[in-house]
Amino acid sequence: MMRFGVSAWRLTEGEVAGKEWRDNARRFADTGYQTLWVPDHVGHPDPFPALVAAADAAPGLRVGTYVLNAEFWNPLLLARTAATVELMTDGRLTLGLGAGHNEAEFVQAGLRYPPPGERVARLAALVPALRRLLAGETVDDAALGLVGAATGLPATSPRLLVGGNGDKVLAAGGRFADEVGLVGVTSGKTAIHTNLSHWGWDGLADRIAHTRAAAEEAGRSVRFDLLIQRARVTDDPHGAVADFADAGPLDTVLDSPFLLVGSEDAIVEDLARASEMGVDGVTVFGPDADELAPVIARVRA
């Protein structure tokens, strides 16, 4: 059965941040969402305390990062944090990682902005090292600067997710992760993505096939999640995506697994089509969570 997740960017729209955040976590769980994700962006909440609070408020909810910027994190200290969260949430963490792309965030943090190949190579090294550290191993890894690294915590096994779109990122996800988050676009240096390189259904099929090939070569299997850019139950799909006009003809833009826009029947059909292609779950952004509620009720009936 299709799994549903929600990516929450804000703690609150009012003044009582902690209460509203916990209330929203319970509401998402009651609506039928199984995972609450928090992204990793400068100017937004730190993912990990927010995830612990959400997991405490909604005991049936998985929590995860979608996705951490691998360049922002020291491998050992990240493993220590992730292990702590996994222990405090009774095994409900999915640790999602990506290569990072927004140059402005690196500048704000005073960090060097490596070229794409270097960022992807670090991500590919980080994921297997994290799995070993979380399992309680002591790790030496010259590429990551680890010497006798160990968390000192009990062994844990949170699920690992790699999110992205490029060949090398998805190959790393296939080789090392439990789950791959697909986004359908090629990231540039900014927060806005305009290159809809794998936006259509054929693009999705290509990305799934590429990832599966890497997983099969490594003797593994992998699950797939789609990061949905907009979810809207409406009888005016063109109006709901009018701001996408610069990306191309709206009929073409709408014919995408990364948009769930249209009637309930149409959205249910799109979810079924994605499932037949091998997609295990979809994630919507927080402002769209209520929009998808009637669809979730139908799919899970």
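# A pocket, a core and the strands around them

Author: Strand S1 gives the most to the lining of the second largest pocket, with 3 residues. The model is a predicted one, in which local features need pLDDT of at least 70 and side-chain atom pairs count only at pLDDT 80 or more, while totals for chains, interfaces and linings use all residues. Residues are numbered from 1 along each chain as its sequence is written, and side-chain values use heavy atoms, with hydrogens and water left out.

Reader: What makes a set of grid points a pocket rather than a cavity?

Author: On a 1 Å grid over the protein atoms alone, a cavity is a set of points where a 1.4 Å probe fits but cannot get out, whereas a pocket is an open set with protein on both sides within 12 Å along at least five of seven lines. A lining residue has an atom within 4 Å of a point. The second largest pocket is lined by 14 residues, with Arg3, Thr35, Arg62, Thr94 and Glu179 lying nearest its centre. Two or more lining residues come from each of strand S1 (3-7), strand S2 (35-38), strand S10 (223-227) and strand S13 (281-285); strands (E, at least two residues) and helices (H or I, at least four) are DSSP runs numbered from the N terminus.

Reader: What is the volume of the second largest pocket, and which classes of residue make up its lining?

Author: The volume is about 170 Å³, taken as the space filled by probe spheres set on the points, which are joined across faces, edges and corners. The lining has 3 nonpolar, 5 polar and 6 charged residues, where Ala, Val, Leu, Ile, Met, Phe, Trp, Tyr, Cys and Pro count as nonpolar, Asp, Glu, Lys and Arg as charged, and the others, Gly among them, as polar.

Reader: Why is Thr156 placed in its accessibility class?

Author: Its relative accessibility is 9%, so Thr156 counts as buried, although its place is in the loop between S7 and strand S8 (159-164). Residues up to four places away in sequence not being counted, Thr156 touches Ala83, Glu86, Leu87, Leu134 and Ala135.

Reader: How are Asp90 and Arg27 classed, and why?

Author: Asp90, in the loop between helix H3 (75-88) and strand S5 (93-98), counts as exposed because its relative accessibility is 66%. Asp90 also has a positive phi of about 60° although it is not a glycine. Arg27 is found in helix H1 (residues 17-31), and its value of 33% is why it counts as partly exposed.

Reader: How do you know which residues of S5 are covered, and which strands pair with S5?

Author: S5 is mostly covered, with 6 of its 6 residues buried; Leu93, Leu95 and Leu97 point one way, Thr94, Gly96 and Gly98 the other. Strands pair if DSSP finds at least two bridges between them. S3 and S5 pair in the parallel sense over 2 bridges, with Gly64 opposite Thr94, and S4 and S5 likewise pair in the parallel sense over 2 bridges, with Asn69 and Gly98 as bridge partners.

Reader: What makes a group of residues a nonpolar core, and how many residues has the largest?

Author: A nonpolar core is a set of buried Ala, Val, Leu, Ile, Met, Phe, Trp, Tyr and Cys residues joined through side-chain atoms within 4.5 Å. The largest has 87 residues, and those with the most contacts inside it are Tyr33, Leu36, Leu95, Leu97, Leu182, Leu226 and Leu292. Helix H5 (residues 116-134) gives the largest share of this core, 8 residues. Beyond four places in sequence, Leu226 touches residues including Tyr66, Leu182, Leu204, Phe258 and Gly281.

Reader: Why is Gly281 assigned to its accessibility class, and which residues does Gly281 touch?

Author: Gly281 has a relative accessible area of 0%, and so is buried. Gly281 is found in strand S13 and, not counting residues up to four places away in sequence, touches Met2, Arg3, Phe224, Asp225 and Leu226.

Notes:
Buried < 20%, exposed > 50% of the residue type's maximum accessible area, 1.4 Å probe, protein only. Contact = heavy atoms within 4.5 Å.
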